[in-house]
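Subject: Structure for you to look at

Hello,

Please find below the structure I said I would pass on. My notes on what was found in it follow.

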Amino acid sequence: MERSPHLKLLADARTEPDLLDYLIHSLEDVCSRLADKFGLHDRAGRPRKAFILDSLFRLSCPGCLWKIFTQTRPHNLNIDTLYGEMHEFAVNLLIGTLTQTLDGEELNVCYEDAHEYGRADVAIKSTRFGAVVETNGACVVVEVKTGKKLSFAQLFRYLLQYRDATLVVWRIPMRQVFTLKGERLRALLCLYVSSAVARALKLLNGEPVACNHKISDGGASAVSEPQRVLDEFFEGLVEGLPKVVSAVFESLREVGL
Ligand SMILES: [Zn+2]
């Protein structure tokens, strides 16, 4: 039985270190072409990469992709500001705590600027001379989740952005902290990117496709029980903060910083 090109990719990813770079290059190319085709640019005229990639990763049906790329925006406007505040508060506390704890090390804790793939919440960068060689120079990146939702599309997008960094995910209400390393997930990243490129090419080369699926907008709805949400949040914050800090330390130690 002949192996499908997709499965062959999993084996190739282990032996060909440049495969992921090649696939990402293709992904960026189809991304700009999709932006041109569907008019998906931001105010500065740049392709809305984070949105396009998220959609390509998240939706496996070409009809759904066609819908999301042609529907009127902006969506995601119904996010309750309470979640926004909680998120800002948690990121603020985390940056403060990490800055204090890492004081004196050759490390810089920063609120990350928006990059073309979107923005992670906190990035820890080495300031040691010559150490900043990889993309954006981040060695550990923390993503803070104040709600229960979690998007693999978003996490994988960050793994592509910070390919050599450890991604620490902090889910506050669940009191969970876990880490992901792009390096260990390279074969899956290759497969994920290659599927997204294939879908994009279908949209670029084909006719509009119809389907009966309903796309969820992914936005959080209004908070109906603020007391419970906030209690859970503040308790989770106190319990989780030391866990995140030690996860960051562990990740830094692993890369010898
Ligand atoms: Zn569909």
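One definition comes before the rest: two residues are in contact if their C-beta atoms, placed from the backbone, lie within 7 Å. The notes on individual residues below use the word in that sense. Please also keep in mind that this is a predicted model.

Overall picture

The secondary structure of the protein chain comes to eight helices and five strands. Read from the N terminus, the order of the elements is α-α-α-α-α-β-β-β-α-β-β-α-α. The chain has 257 residues, of which 31% are buried. Of the contacts with a separation of 6 or more, 67% are between residues 24 or more positions apart.

As for confidence, the pLDDT of the protein chain averages 84, and 87% of the residues score at least 70. Over residues 130-135 the pLDDT stays under 50. The model has ten contacts beyond four places in sequence for residues 130-135. Where pLDDT is low, the predicted coordinates should not be read in detail.

Gly182

Gly182 sits in the loop between β5 and α7. Is Gly182 buried or exposed? Gly182 has 20 other C-beta atoms within 10 Å, and a residue is buried if 20 or more lie within that distance, so Gly182 counts as buried. Not counting residues up to four places away in sequence, Gly182 touches Leu159, Arg163 and Leu189. Asp164 is 18 residues from Gly182 in sequence, and their C-alpha atoms are 6.5 Å apart in space.

Helix α3 and its surroundings

Helix α3 covers residues 49-58. It is mostly covered, with eight of its ten residues buried. The buried residues in α3 are Lys49, Ala50, Ile52, Leu53, Asp54, Ser55, Leu56 and Phe57. What covers them includes α2, α4 (62-70), α6 (152-161) and α7.

One of the buried residues of α3 is Asp54. Asp54 has 21 other C-beta atoms within 10 Å and is therefore buried. Which residues does Asp54 contact, leaving aside its neighbours within four places in sequence? They are Ala153, Gln154 and Arg157. The C-alpha atoms of Asp54 and Phe152 are separated by 9.3 Å, and the two residues are 98 residues apart along the chain.

Helix α2 (residues 19-38) packs against α3 at an angle of about 105°, and the two axes are 10 Å apart. At that angle α2 and α3 are therefore roughly perpendicular to each other. On the α2 side the contact is made by Cys31, Leu34 and Ala35, and on the α3 side by Lys49, Ile52 and Leu53. The residues of this contact of α2 with α3 divide into five nonpolar, no polar and one charged.

Helices α1 and α7

The crossing of α1 and α7 is right-handed. From α1, the residues His6, Leu9, Leu10, Ala13 and Arg14 meet Arg186, Ala187, Cys190, Leu191 and Ser194 of α7. The residues of the contact of α1 with α7 divide into six nonpolar, two polar and two charged. As background to both helix pairs, an α-helix has 3.6 residues a turn, so residues three or four places apart point the same way.

Two loop residues

Arg175 is in the loop between β4 (166-171) and β5 (176-181). Arg175 has a positive phi of about 55° although it is not a glycine. With 15 other C-beta atoms within 10 Å, Arg175 is partly exposed.

Asn212 belongs to the loop between α7 and α8 (226-254). Why does Asn212 count as exposed? Because Asn212 has 7 C-beta neighbours inside 10 Å, and a residue is exposed if it has 12 or fewer. Asn212 and Cys64 are 148 residues apart along the chain, and their C-alpha atoms are separated by 8.5 Å.

Regards

Methods:
Residues are numbered from 1 along each chain as its sequence is written. This is a predicted model: local features need pLDDT of at least 70, side-chain atom pairs count only at pLDDT 80 or more; totals for chains, interfaces and linings use all residues. A crossing is left-handed if the near helix is turned anticlockwise from the far one by less than a right angle, and right-handed if clockwise. Helices (H or I, at least four residues) and strands (E, at least two) are DSSP runs, numbered from the N terminus. Ala, Val, Leu, Ile, Met, Phe, Trp, Tyr, Cys and Pro count as nonpolar, Asp, Glu, Lys and Arg as charged, and the others, Gly among them, as polar. Axes are lines fitted to C-alpha atoms, for helices over the stretch in contact, and angles run from 0 to 180 degrees between N-to-C directions. Angles under 35 degrees count as roughly parallel, over 145 as roughly antiparallel, 65 to 115 as roughly perpendicular and the rest as oblique. pLDDT is the predictor's confidence in each residue, from 0 to 100.
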